[in-house]
Amino acid sequence: MPQDYAALIAHGLADSGGMAVLDPATGERIANVRTYSSAEIDAIIRAAETARKDWVGETAKFRANRLRAWFDLIVAHREQLAEICTRECGKPLAEARAEVDYAASFVEWFSEEARRAYGEVVPSFAAGKAIIVTKEPVGTCAAITPWNFPLAMITRKSAPALAAGCAMVIKPSEATPLSALALEALAVKAGIPAAILRIVPSADPAEVGKLFCTHPVIRKISFTGSTAVGKLLLSQAGSTVKKACMELGGNAPFIVFEDADIDAAVDGAMIAKYRNAGQACIGANRLLVQQSVHDRFVERLAERVGALKVGNGMEADSQIGPLINDKALQKVEMLTDAALSGGAARVCGGGRHNAGAQFYTPTILTGVRQDMAIAQQEIFGPVASIIPFADEADAIRIANDTRSGLASYCYTRDLGRAWRVMSALEYGMVSINEGLLGTEVAPFGGVKESGLGREGSRHGMDEYLELKYALMGGLSG
Ligand code: NAD
């Protein structure tokens, strides 16, 4: 293990046994992490609840300063964190560096928001009475995070929680516990009490999920991952009426109208589709292209996709890394093969890549239909599915024909059309003429089966605050 980052994860390594963390590019075991039993996690939750009482008793400025110190340390350890991220989740180092910046941005943002949890004084309904509304931290929270953004999903949840005065216990994905452990080490170094932010790797996610959702101390569960697991957690959390924030799967349409700047649309598609080898919840799952510009768009996209460098993310020029595991590879293969046998055509790619056991060649399929599995499910791989459409109404109908509603994209130079389409899309996020929409300053989240609640922005802080209404009577002299 490289010395420059070994210290960041040392506290989470197992003396013996433990859970193996594999490099998806090589299959090599990088580390064995310590896992936690339900009894240990129960004790950690109770210790968090005790520590939270001191944490919330500190001033907002105190919490803001500790978060700011954490941000500074994340920035100072950018290279080490990026390397850990690439080693365990496979994304190219350049993308891992961008993820460190993205992860850090939430800590910086919420270090600032910590001091802005203002309440209200409401004009009263009667003489001699006053109404005051304060914002109180929700309490001790739990989170479960995915492997595809192993750094940013930790900070996007924990930074607003800590800023609000909550404590948080997080179970990271089995595939990527090291990024989470490294962030935890930096938080402790920044002076955040160890019990306030705890990372608890486990090889039994179902058991930990149930414990979090039914635990009497936990007041909120925040989850990012698949829709199926999100539904299960929601049903479990109902037993104790916990608040829930669910960032679930997507099926993003990427609509290209005939009046679009086609080169800009191709640039956007390269990011929205091929970033992280297509393993993003906001990844363009369906490229809807107007018939009149279809061939021009496909030709230009194919030139760019054919030039992508597939390889181990640790190699400087690599642009497409491996898929996270063999199951993910098999799913991409199955969806692609089914589309081809159902009548889609292969423009490029369409099979495994010889860079290693878990690499898939960047692919473009045309003639995809909305009723195919590849258009209904998340591909989560470097395969662009192109669906032609006739006109605006047709594009909107196809785009909304899904149970998901996370991100959507639209390329047009017609201002009226941009507005109409934005209004008609049943999605939590709409990106017009841009392929990358994640930012700490805007509310991230979905509608329909893509989730509940928002992360980032000032709304992200409200997710960890409860309103308390106080009526004060007897004020007349
Ligand atoms: P996943 O649902 O399999 O796993 C996510 C997390 O849930 C992991 O930590 C896993 O250990 C845990 N988990 C698995 N089974 C569980 C159970 N029965 N009970 C409790 N926890 C359980 O998803 P994944 O494969 O890690 O991530 C990919 C999915 O995440 C995709 O669907 C993607 O769209 C989604 N995602 C959504 C967002 C968003 O913000 N909306 C962001 C990133 C990823």
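A: Start with burial. Buried means under 20% relative accessible area, exposed over 50%, and partly exposed in between, using a 1.4 Å probe and protein chains only. This is a predicted model, in which local features need pLDDT of at least 70, side-chain atom pairs count only at pLDDT 80 or more, and totals for chains, interfaces and linings use all residues. Residues are numbered from 1 along each chain as its sequence is written, and side-chain values use heavy atoms, with hydrogens and water left out.

Q: Is Ile282 buried or exposed?
A: Ile282 is buried, because its relative accessible area is 7%. Ile282 sits in the loop between helix H10 (262-274) and strand S11 (284-290). Helices (H or I, at least four residues) and strands (E, at least two) are DSSP runs, numbered from the N terminus.

Q: Which residues is Ile282 in contact with, leaving aside its neighbours within four places in sequence?
A: Contact means heavy atoms within 4.5 Å. For Ile282, the partners include Ala252, Leu406, Tyr409, Met429 and Phe444. Gly438 is 156 residues away from Ile282 in sequence, yet their C-alpha atoms are 9.0 Å apart.

Q: How do strands of a sheet pair?
A: They pair through backbone hydrogen bonds, either parallel or antiparallel. Two strands count as paired if DSSP finds at least two bridges between them. Here, an open sheet of 6 strands runs in the order S7-S6-S5-S8-S9-S17, with mixed pairing. Strands S7 (197-199) and S17 (451-452) are at the edges; each has a single partner strand, so one side of each lacks a neighbour in the sheet.

Q: In what sense do S5 and S8 pair, and over how many bridges?
A: S5 (residues 140-144) and S8 (residues 218-224) pair in the parallel sense, over 5 bridges. Ala142 stands opposite Ile221 in S8.

Q: At what angle do the axes of H2 and H8 cross?
A: Axes are lines fitted to C-alpha atoms, for helices over the stretch in contact; angles run from 0 to 180 degrees between N-to-C directions. Helix H2 (residues 38-57) and helix H8 (residues 205-214) have axes that come within 11 Å and cross at roughly 35 degrees. The contact is made by Ser38, Ile41, Asp42 and Ile45 of H2, with Glu207, Val208, Leu211 and Phe212 of H8.

Q: Which strands does H2 lie across?
A: H2 lies across S5, S6 (167-171), S7 and S8, and runs at about 155 degrees to S6.
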